[in-house]
Structures are given as structure tokens and as C-alpha cells.
Amino acid sequence: MSLDPRLVMSSVIFGLSIGGIYFLLAIGLSLCFGLMRIISLDQLLYYSIGAFVTYSVGVATGQFWLGVAAGAAAGGLASLAVERLIFRRIYARDPTFSMITSFGLLFGGIGIIKFVWGVVPRPVEVPTLAQFDVLGTQIPVYRLIIVGIAVVVYALIWAFLHRTIVGKAIRAAIENVEHVEGLGINVGRLFTLTFVIAGALSGLAGGVYAPLILVDPMMGLEMLAFVFMVVIIGGLGSIKGTAISALIIGQVVSLGSLIYAPAAQMAPFVIMLAILLIRPTGLFGVALTRR
Amino acid sequence: MTAAKSLASRALSWWWGIAATLLATSLCAVLLPTPFMNEVMIFAIYVSGCNFLIGRLGFISFGQPAYLAIGAYCTAFYLFYVGTNPLVGLGVGVLGGLLGAIIIGPFFVRLRSDYFAMVNLALAVVLFYVTQKLLVSITGGDNGLWFLTQMQSTPLLDLTAPAQFLWFAIIVATAVTVMFKYLDGTIFGACCLASRLNEDKLQFIGYDNFKIRLVAFIIANTVTALAGAMYAIYFGFVSPEMGSPSRAAEPVIVTLLGGVGTLAGPLIGAFAYTGMKDVISNLIGNWELFIGFLLVFIMLVADQGIWGTLPPAARALLVHLRRAAGRARN
């Protein structure tokens, strides 16, 4: 079977953009696990909230990027409330405990979204329809903007964790939370900050991805399995691993659907199984230690 | 003499709980509407597999719909393409579930509990896509497979009649409960619990954690497949919706609702959950809102579930009342 190189080219770009979305979502899950040892499935809720707020603000003001900013802010605010009210009480318990609680939050949040926005899928207008030519292939600029946002977020997160004192404290706390606490650093505040950053990034992902899909209440659940796979393949708690596996899964999904569409949804699963069989902690995962 | 007596009393206490449960469910079967009780009984079987995984192994799985779908589709394939006897179909479904668990188990039980949950969810997603899109020529895609009218009626209990199916479901649920009760008392049951509490110590004694977990996984998910096969026969219809990942949390929620690791937990959880679902979706129609926050509430406030919270509370109340009565007499 011969593939049209132009199709391959646009498919690679599509894979990069979807990989960027996966990365934005998975980074929150991964950081939360690394620092707090919680599995925060409710990140997918902030993703849906971000998309819906982007839709509403976009309709009200006509400004798409204002909507995305509002979506990220809404995701951050929602995660702040959830962290203060709920997660604060369960940090000390088993990771599986937080997983069930956050699954409940995700479900309840979907109920709230249905209550506020209804069940009808909402279209969001693409902010720029411009395309440009790469080797005879028309590439939509908006997809490249998504890739750019993901790269910028990766750079910012890296700089935050390696160049600022708060980021260094977070990295140290990933290694050993008691020692950091012993230095007089308020670990609770670090936890809150990390959780809010994760929530805001999820909201950003929802807002940015909204024009390419229909915004509907179940969008978080549809994304859940793929984000899971990205985090598992990369290894819980590793930022580099998350970025690499987001790239891989994005390409597998988009190139896979080019080669044989029905198998594209399964291919990531097969890859995940293979990687877990070789390395049960994922590509760059840290060993799970109970606190 | 004393040994025989204690054995007899143990056997009595053993059967007492089963008999009481059987009596209570029979009473409900007579009093409550048949479709409701049918769903409760099948759901209780479904949940008891998940309950065994969580309560005895400490393995949480968000992929139980996958095993349910395996059982349901194996039964449906037999009844749609091959035969007409629902009992044989049930056997085919259970066998399919057993084979599936034997194939999947060795890969999955090696993983840590949190990875285990995610891998199972991924499996459920994949099976959903396989039944919905990939094998449309065999599974009929979203249209599903209809075989309600193809099933022949069976002697003694006619499985094609809902009222008689209910008694069959009660018998099967009781048999499953007895099996899990029996397993609890064996060395194997103790090993399962030990591998949840401290796998290093269990290994030190000389048991193989992997083998214990594998066997427990196979048992639990064969029971789940049995529930799937029963759903298929009861509805006379299967569709990908049955294994939908959006229902992945249900068995975990109901296990927690009923009380993790308790014998009566699945039944009570299934009863409470199905009842609430009927009432709430009639009242407000927004089911996710309720079930999601119920789950959060259970986790934060009463993580022992109904069966873990209410009887001790009732016992404490009884003791309190008795003391108060004694004081009043004096």
C-alpha cells in the first residue's frame, strides 16, 4: 500500500497537535502523582470546564483567545476549590483512594456541566483558517499554534522547575517530602500550587482543543483513556517521559488512522501493553514509594 | 464432643447468613417488581467479582465492563449464530470469560494496583471499540444482536420468562456468594488477603504472590463474565453499550457503597444503587451529578460502606439502649 506523502505530512502535523493536547493534560496528572502521590482523574473535568468556558466567553465577546484565557483561569479556580475542599483531606491515604475520589469528582462535574450547559454538543469557531504550504501540503496554521503552545508550556514548566526557588522546592519534594518540610518550607502550599498549575493547564488544553472538536459534557471521559496511556507509557511523575509518550501516542493515533482507521483506537493500547511488559513503571517512571 | 459441637455451630452460623439472605431476597422477589429485582440480582453477581478483587486482592479495576462484555458477547454469539439453549449459552459465556481471564491475567496482575486500574480501563475502551467498530460484521455494531425470540424455553426454570429467570438469578447469586464465603475460609482466601496486606511477608513464608493473584483474578473475572452472560440471556440482546467505559466506575462505586470485602456488600450495594438510580433519574434526570458526589461523599465520610457502617452503628445503639434499660430497671 502506498501512502500519499502529502497525506502523511498533514497526518504528522495532526499527530503533533493532538500530542500537544495530550501533553498539556498528562503533565498535570504526572506532576500531581510525582509530588502528592495522588492520581487526579479530575484533571479531565478541568479540561471540559476549560472548553465550555472558552465556548461561552467566545460567544459572548467574540474573542477566542480571551475565551481560552478564561478557560485556563476557570480550570485553575475549580482545581483550587477542589484541592482545598477535598484533596487536602486525602493526601495521606493510598493513591488508589485518590483515584476513586477523583473519578467521583469527574463524574459529578460532568453532571454539573450537563446542568449548566445542557447535553447538546457546541461548536467553537476556529480562530484562524489560514493555511500555509509545506512541500505542497496545505497545513492549517491553527494546528501549528497548538504545537507551539505545548512547546512553550514544556519550556516554561522546565524553567519553573529548574530555575525558580519554588520549582526547586517542588523537585526536592518529589524526591523527599519530609526533608523539604524540615527545611521550613510550607509543603501544603506547594501542593496547592502544583494542583492549580495542573488544573489551569488542563483548562488551557480544553480551550485550545475546543475549535477542533465538538464541545460536549462527555469530552473528558472520551479523552480519559488516551491521557491515561500517555501518563502510563511515560511513567508517572516524569515530565520528560510524559512529553515523549505524548509525541508517540499522538503520532500513533493520527498515522494509525491513516493506515487502518478502526485499529487506530487500539494501537496505543497495544503499545502500552508492550511497554508495561518490558518496564512495569513506564519509560521514565519513578518507583512508587509509600509515604 | 466439644470439637464436633463447635464445628456444628460454625456450620450453622455459616449457613444462617446465607439462609437469611436467601429469605430476604425471596421476600423482595415476591414484593418488588420483577424487572427491578432481576437487575438487582444480576448486578449483585457483577459487583461480587469486583468486590473480591478490591476486598481480597486490593486490586481496583475500572475495566470490569470489559469482562462483562466478554461474557455477554460469548453468550450472544452462541445464541445468535449456533444454538438455541440459553443454559448452554450461559456455559459458553462463562467459558469465554474464563479463557479471557486466563489470557489477560498474567499480563495484568504483575502491575501495581494503580496501573492495574488504568490498564483495565484501557482494555474496556479497546473492547468497546472492537465491538462497536472493528468487528461490525459479527457484532452488528451499535445495532447489537437480537436473539430474544430465538431462545428455546428450558425445563424446570424457564429462562426466557422474566419471572422464572428471577429465581434462577437468585439461585446463581446465592451459589456465587457461597463460593466466595467458602474461599474466605480456605488457605487460598487467607493468602489473597495476606498478599493485599503484606506481599513481602507472604513471599517470605514461601507463597507465590503472582500465582495467588492470577488465580484470584481469574475467579473474579469469570464471575463477572457470568454476570455478563446472565444480562445477555435476560435482555435477549447485547450491544456495545453494555461494555461502555462510561459505566466503568459502577461496580467500584457499588462495591464501596455496599462495603468493601463484606459478603453481603455486593447485594446490598446493588439493591441501594439500583433503587437510587430509579428514583433519582425519575426525579431529576441528572444521574452523573448524583453518583459522582455520592462517591466523593462515601470516600470522605463513610468509606466502610452501608454494610460496614450501619450494622456496627446498630449494634452500638442496641448496646446503648440495653444499658439505658438496665439503668432504668435499677
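Trainee: Which residues does A:Ile100 touch, not counting residues up to four places away in sequence?

Mentor: This is a predicted model, where local features need pLDDT of at least 70, side-chain atom pairs count only at pLDDT 80 or more, and totals for chains, interfaces and linings use all residues. Residues are numbered from 1 along each chain as its sequence is written, while chains are lettered from A and ligands numbered from 1 in the order in which they are written. Two residues are in contact if their C-beta atoms, placed from the backbone, lie within 7 Å. With residues up to four places away in sequence left out, A:Ile100 touches B:Ile60, B:Val252, B:Leu295 and B:Met299.

Trainee: Is A:Ile100 buried or exposed?

Mentor: Buried means 20 or more other C-beta atoms within 10 Å of the residue's own, exposed means 12 or fewer, and partly exposed is in between, with C-beta atoms placed from the backbone. A:Ile100 has 27 C-beta neighbours inside 10 Å, so it counts as buried.

Trainee: In which helix of chain A does A:Ile100 lie?

Mentor: Helices (H or I, at least four residues) and strands (E, at least two) are DSSP runs, numbered from the N terminus. By that numbering, A:Ile100 lies in helix α4.

Trainee: Which element gives the largest share of the side of chain A that touches chain B?

Mentor: The contact takes 37 residues from chain A and 33 residues from chain B. On the chain A side, the elements giving two or more residues are α3 (64-90), α4 (95-117), α9 (219-234) and α11 (267-278). The largest share of that side, 18 residues, comes from α4(A).

Trainee: How many residues on that side of chain A are nonpolar?

Mentor: Ala, Val, Leu, Ile, Met, Phe, Trp, Tyr, Cys and Pro count as nonpolar, Asp, Glu, Lys and Arg as charged, and the others, Gly among them, as polar. On the side of chain A that touches chain B, seven residues are polar and two are charged. The nonpolar residues there number 28.

Trainee: How many residues of α10(B) are buried?

Mentor: B:Gly236, with a positive phi near 65°, follows α10(B). The helix itself is mostly covered, and of its 27 residues the buried ones number 21.

Trainee: Why do the buried residues of α6(A) line one face of the helix?

Mentor: In α6 (residues 165-175) of chain A, the buried residues are A:Ile170, A:Ala173 and A:Ile174. The arc is that of the directions from the helix axis to the C-beta atoms. The buried residues line one face because, seen down the axis of α6(A), they fall within an arc of 105°.

Trainee: Which exposed residues does the face of α6(A) turned away from its buried side carry?

Mentor: The cover over the buried residues of α6(A) includes α1 (5-36), α5 (141-163), α7 (177-182) and α8 (187-209) of chain A. The face turned away from the buried side carries the exposed A:Ile165 and A:Glu175.

Trainee: What is the radius of gyration of chain A?

Mentor: Chain A has 11 helices and four strands. The globule rule is 2.2 Å times the number of residues to the power 0.38, and the radius of gyration is taken over C-alpha atoms. For 291 residues the rule gives 19 Å, and chain A is close to that, so it is as compact as a globular protein of that length, with a radius of gyration of 19 Å.

Trainee: And what is the phi of A:Arg37, about?

Mentor: A:Arg37 sits in the loop between α1 and α2 (43-61) of chain A. It has 22 C-beta neighbours inside 10 Å, so A:Arg37 counts as buried. Most residues other than glycine have a negative phi. A:Arg37 is not a glycine, yet its phi is positive, at about 60°.
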